[in-house]
Structures are given as C-alpha cells and as structure tokens.
Amino acid sequence: MNSLFSFARLGALLIKEFIQMRRDRITFAMMLGVPLMQLVLFGYAINNDPKSLPAALVATSSDPYTRAMVSALQTTGYYRFDHVARSAEEAEFLMSRGDVAFVVTIPADFARRVERGDSPQILIEADATDPAVASGAISTLGTVANQALLRARGMQEAAAESAKGQLEVVVHRRYNPEGISQYNIVPGLLGVILQMTMVMMTSIALTRETERGTMENLLAMPSSPLEIMMGKVLPYLVVGAVQVVVVLAAAKLLFAIPFTGSMSLLLTAVLIFVLALVLLGYTISTIARTQMQALQLTFFFFLPSIMLSGFMFPYRGMPNWAQLFGEILPLTHFLRIIRAVMLKGAELPAVATEIGWLVVFVALFAGVALVRFRRTLD
Amino acid sequence: MNAIDVHGLVKRFGDKTVVDHVTMTVAEGEIVGFLGPNGSGKTTTIRIMCGLLTPDEGEGTVLGFDIRTDSLSIKREVGYMTQKFSFYEDLTIGENLEFVARLYRLKPVEDHVARTLEELGLTTRRNQLAGTLSGGWKQRLALAACIMHKPKLLLLDEPTAGVDPKARREFWDEIHRLASGGLTVLVSTHYMDEAERCHRISYISYGKMLATGTVDEVVKNAGLTTFVLQGPRLDQVAEALQGRPGVDQVAPFGATLHVVGSDRKALEKALSDIEKKHKGVTVAPGETSLEDVFIQFMSGSKDNMA
C-alpha cells in the first residue's frame, strides 16, 4: 500500500501520543489548568479602564445643577468623590500627593450660566501620569455631563444647543459603550493562552524524542514524515479544542462576555488558528536540537506576539513598521477575527481575509516542517 | 543473494572520517559479529545499513534494496536494535509492542503482541512501565519489539552492554534460535565470548575494516606468536619484559603470563634469557586468543573519538 501515508501507522502514533499525554499528569493538568488560571488572573487583573478613581470636588455652590452634575459624574463609576476641597490650592495639593486622580471644579456661576443659556463650564483636571487611567474617565465625561444638564433643565432642546461646544467631548466607543476592558481582553486572552500552550507543547514534540533517544527507533521503523507530523500535531489539536471550550465557557460565565456572532464561524476560526499554532510549534521542534532551545525559540516568538498583535497595545497606535511586523503573526489575525465575531457579530465575509491569512500560516508552517524534518540522523 | 552487500562506505562528520571505505558482505542466515573499540564506527556503519544515515561515498544493498534510494523498504524488512534503549519509558511493555505492531501494520495487533510477549516470557510484565524495567528486561523488550514484524535481517548495536552473564547467555541462545530459522544477524559487541559465538567476525578500527573471517581465520591471519610463562614472581618477569624489542603485549592470565609479539624471531630472542634469570619460570608456546589479536589491533590504531 501507500508508503507515504497509512491510517494504521498514523493511528499507532496517535495512540502512543495520547498514552504519553495521559501518563504525563503534570503537563496534562497544566494544559487544562493553566489556561483557566491565566484567564481568571488576567481577566480580572488587567484593566486598561480602571474605575472608581479617587476624585476631589471643588464646588462653591450647591445649586441643583451642580448637584446633578456631581451625581451624574459619580454614576459613571469612574469618579469616587471622596475629597471635597474648599479651594483650588487644596485640590492641587491633594493631586500632587497622589491622593486623587481627578479634580472636578464646578464654578460658582455654573448655574447662572446654564439658566442664561451661556456656555457652562466645568473643569476636570486629571492626573495623566498614567494616561490609560484617565482616558476612560475623560472620554465619558462629555456625554454624561450633557445628559445631566438636559435632565436638570428639563428643557432638552434649548439646552442641547446651548450646552454644545463646551462639554463636547466627542467619543465614539462603539461595541463597548461602557468601556469594559474585559470585553476586549478576554477574547484576546483566548488567543494568547492558546498560543502559549500549543506552541510550547508541540515545540518540544520532536526534540523530546531526540533527547530521550526514541527518535532513532522511530526513524528506523516505517513511518513517514507526514505521519509523524500528524501524529504529533493532532493530539494537541484535541487539547486545544478542550482549552477553547474551557476558556469560552469561562468567558461567558465569569466575565459575561457577549457572544454576538456566529459560534460555528468562531469555532472554525479557532480551529484553524490552533492548527497553525501546533504546526508552528512542530516547525520549531524540527529546527531546535534540544528541548531547551525549543522553549527559547517559543519565547522568542511569544513576546512579539503579545506586544505587536494588538493584544496588549492598540494595533493602530503602533508605527507602520511595527504594524507590518504584526501582520506576520498569526495572533494578530486571530485577534481581529475573534473580536469581530464575538463582539461585533461579524459574518464570514467580514473576516474572510483574516481567516485566509490563518490558512496561509497553516500551509506555510506545515510545508516548512515537512521540508525541515530530518528523516535521517545526519 | 547476500543479506548485506555494501562497498566502500564513507561517512564523515565534519573533518572526521568515521567510516572509511568499509566493505562488508553478510550471507543469508549468517551471524556476524561486528567488533572494534569505542568510536571505531560500528554504530555509524549499522545506521547507514538501516537507512538512518546517508553515506558520503560508497553504495550497496541490504536485503536487495539500495541503501541510498530504498531505505523505506529496508526499514520494513530490518529489525534494528539501538545501542541505547529507545522505546518509550512512559509506555507499558504491552503499549510499546502495540505501537510497534501498528507501525508495521501487523494484523491483528493483539495476536502479534500476545505471541511476542509469550515467546519472550514477558506476558506477566505486560502492564509494567518500560522505564521501570531493569537493563536485562529492557533488552528483552527491545529485542521482542524488533523481531515482532519477522524481519529478514537483525541489526543489533551492542545489545548486551550492561546485561548480566545469564541474561547474555539467554540472549545469545535466542539469537541462534532465530538464525536457525533463516534470520541474518549483524551484531556489534565488545565481548570476546560473544564474538566467538558468531559464525564470522569483522573488526573495525578508526573507521577502517581491519580483519574479517571466522574467529580462527582472524586469529591466524593476525600472525601473532604467543608464549605462556608459568612460575613464581611473574610480576617481576612482566616488568622485565615490558618494552623489550619483539614484545608487544604482556598480560597476566590467572597464574600465567601471556607474552605476545608479531615478530616470532624477535619475541623468541626477547624471551631467551628468562628461564635463566628467573628461577622456576618456564616458557612454552601458547595459543593466541582472539583477545590478544584485538588488543594488538587496538594498540596499532588511534581512538577515533579522541
């Protein structure tokens, strides 16, 4: 029969690999436990949009408009008015000490200006030493303040006209109006966690055989490079599928991430992504000579993936060369797909190009791995 | 047709020629011992024969298949037992055998595994992890695995290193039983007693084939003369003989001293005054052993791994 591929031989390799996986309890536990741990840890810990930040209020009047404004700011969740400053100097001091992240000043003539239809002003001073801290709080401000004013005046149309210009902080935060960063982070985490475990596990697939001396025997027996590759890669595809289910379930249960798009489209994309990852890991293992080298190569790849894929920093904020570099990382394309499908409800046509990229990666990695595979011990 | 028929094999690693124009033929059903010091190129030669390494020069056939172009066919018909245990230590004996049976597409798997376990007396240890086996049992498992698909040729690379004498004896009985069934065996070894259990031996050193033939032929062709000295205080005699022209080896064997030289006349001259100088010591011509021949070979060539 065919000497290049036989299901019986592939079966032999698969069964062997699954038994080894089962015996290696620690690794197996790691493959399922670590993703969950990372998801919970990062999901809860990483927050680019911190809330309930300490703020000081400088208000000399206690008219209804001022009160309405303060309560409106408070209900955004960003401001926690735990300091009331009597003067601008006192507020300044609080901020310089780092006691507050914001100082909100509502001038004494605020109410009068609102009534007169003049441009009312409020001053928000933000501690911008960490820009990420303030951005969310500032960006919601315009909307909230306007709405508060409208409600307080009860004269919606006129007020809308008069209030324009001053409090106009136009922010368009589509898909995630509340700015919950977990919506952004958790789907991204799925990609990162998959990348980490899948690539690392498969990157030692061949080097482990070489280091344990079993490679010589495996090569001396009739198994083709394609069979060996599939025998190594498919079991981890199954592990990846289990991870996906775990992480998606946790995303739903722990973080209440909305699943707007098609589940089958998402799962298809995840499957292709995982396939690309395990093949990448396998390619690494055809290059590395030792398990140590394989792990180093994995991390070599891992760091830029985290930094430049749009997981950690906004993709569009990067310089052009970095964006180009990001394009050659499977994670970049996967993040676009999963965010589009999960959060925006994108359909296939919208993500077809990105899925196409993942398919290209699969073909590329498989090709390189097969070419690189050493059939002999030379 | 010869089971192994290779000519002028050369294999270099960097600037080291590990196998240097090795030519070898092994007839079907023969047990050939492959001898030589560490680093002499035995393992490399065997790996070339089973398709694990491509030779830089030379060609040949194994079981009629070209070693350069048809290594997959060779792999199907050859059983190769590696020097280091190379089955999966985290799989049980049974699982390892099942793995091998499936790779060779033996059907039904269970029958082949059960038969192999039975034949080698491993049935009771079927569910034991291979990694927990002792050296002797590991070797039995490795042998079991590489004869399961009924190969026509067995290539064994130092199969009995680190195995106790009883297990070694049983191993060789097994090899002879298999050979009588028509199996051809090429086995590399360091042990002289094992060499003497082979139909023929080949001696390789520094990548070069130095001698080949039956044990008697190799000993005879080496052209060594051996004298056996007996008597009191042989240690003093040994000291006196060291370095004398004509004396190549002085080695105590139990209560006797073997003195070996390649030049019979020079050796006789060197020994001529021993009986006079050392009272009670007798000098008599003796049989040159295979070990004497090998030690002579070894001292005549440098270690390749140095």
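**Of the contacts in chain A between residues at least 6 apart in sequence, 79% join residues at least 24 apart.** Two residues are in contact if their C-beta atoms, placed from the backbone, lie within 7 Å. The model is predicted: local features need pLDDT of at least 70 and side-chain atom pairs count only at pLDDT 80 or more, whereas totals for chains, interfaces and linings use all residues. Residues are numbered from 1 along each chain as its sequence is written, while chains are lettered from A and ligands numbered from 1 in the order in which they are written. Chain A contains 16 helices and four strands; helices (H or I, at least four residues) and strands (E, at least two) are DSSP runs, numbered from the N terminus. Of the 378 residues in chain A, 42% are buried. A residue is buried if 20 or more other C-beta atoms lie within 10 Å of its own, exposed if 12 or fewer, and partly exposed in between.

**The largest nonpolar core holds 159 residues.** Such a core is a set of buried Ala, Val, Leu, Ile, Met, Phe, Trp, Tyr and Cys residues joined through C-beta atoms within 7 Å. The members that touch the most others are A:F273, A:A276, A:L279 and B:L155. Helix α12 of chain A (residues 263-287) gives the most to this core, with 14 residues. Beyond its neighbours within four places in sequence, A:L279 is in contact with A:V233, A:V362, A:F365, A:A366 and A:A369. Another core, of 31 residues, lies apart from this one; among its members are A:L73, A:Y79, A:V103 and A:L149.

**Helices α12(A) and α15(A) (residues 330-344) pack with their axes 10 Å apart.** The angle between them is about 170°, taken on a scale from 0 to 180 degrees between N-to-C directions, with axes fitted to C-alpha atoms over the stretch in contact. The two helices, α12(A) and α15(A), are therefore roughly antiparallel, a term for angles over 145 degrees. On the α12(A) side, A:L265, A:L266, A:A269, A:F273, A:A276 and A:L277 take part, and they meet A:P330, A:F334, A:I337, A:I338, A:V341 and A:M342 of α15(A). By class, this contact of α12(A) with α15(A) has twelve nonpolar residues, no polar and no charged ones. Here Ala, Val, Leu, Ile, Met, Phe, Trp, Tyr, Cys and Pro count as nonpolar, Asp, Glu, Lys and Arg as charged, and the others, Gly among them, as polar.

**The contact between the chains takes 24 residues from chain A and 23 from chain B.** On the side of chain B that touches chain A, the elements giving two or more residues are α2 (71-77) and α3 (93-103) of chain B. Of these, α3(B) gives the most, with five residues. The side of chain B that touches chain A comprises twelve nonpolar, three polar and eight charged residues.

**Four strands of chain B form an open antiparallel sheet in the order β2-β1-β4-β5.** At the edges stand β2 (16-27) and β5 (65-66) of chain B; each has a single partner strand, so one side of each is left without a neighbour in the sheet. Strands pair if DSSP finds at least two bridges between them. Strand β1(B) (residues 2-13) and β2(B) are joined by eight bridges in the antiparallel sense, and B:D5 has B:T25 in β2(B) as its bridge partner. Helix α1(B) (residues 42-49) packs on this sheet, where it touches β1, β2 and β4 (57-62) of chain B. The direction of α1(B) makes about 120° with that of β1(B).

**A further open sheet of four strands in chain B has the order β12-β13-β11-β14, with antiparallel pairing.** Its edge strands are β12 (249-253) and β14 (282-286) of chain B, each with a single partner strand, so one side of each is left without a neighbour in the sheet. Neighbouring strands of this sheet are turned by 25° against each other on average, direction ignored. Six bridges link β11(B) with β13(B) (residues 256-261) in the antiparallel sense; B:V228 has B:H258 in β13(B) as its bridge partner.

Most residues other than glycine have a negative phi, and most peptide bonds are trans. The peptide bond from B:K107 to B:P108 is cis, with omega near -10°, and B:P108 lies in the loop between α3 and α4 (109-119) of chain B. In the loop between β9 (200-205) and β10 (208-213) of chain B is B:Y206, a residue other than glycine with a positive phi, near 55°. B:Y206 counts as buried, with 20 C-beta neighbours inside 10 Å. B:R233, in the loop between β11 (225-230) and α9 (234-241) of chain B, has a positive phi near 50°. B:R233 is exposed, with 12 other C-beta atoms within 10 Å.

Terms used
Angles under 35 degrees count as roughly parallel, over 145 as roughly antiparallel, 65 to 115 as roughly perpendicular and the rest as oblique.
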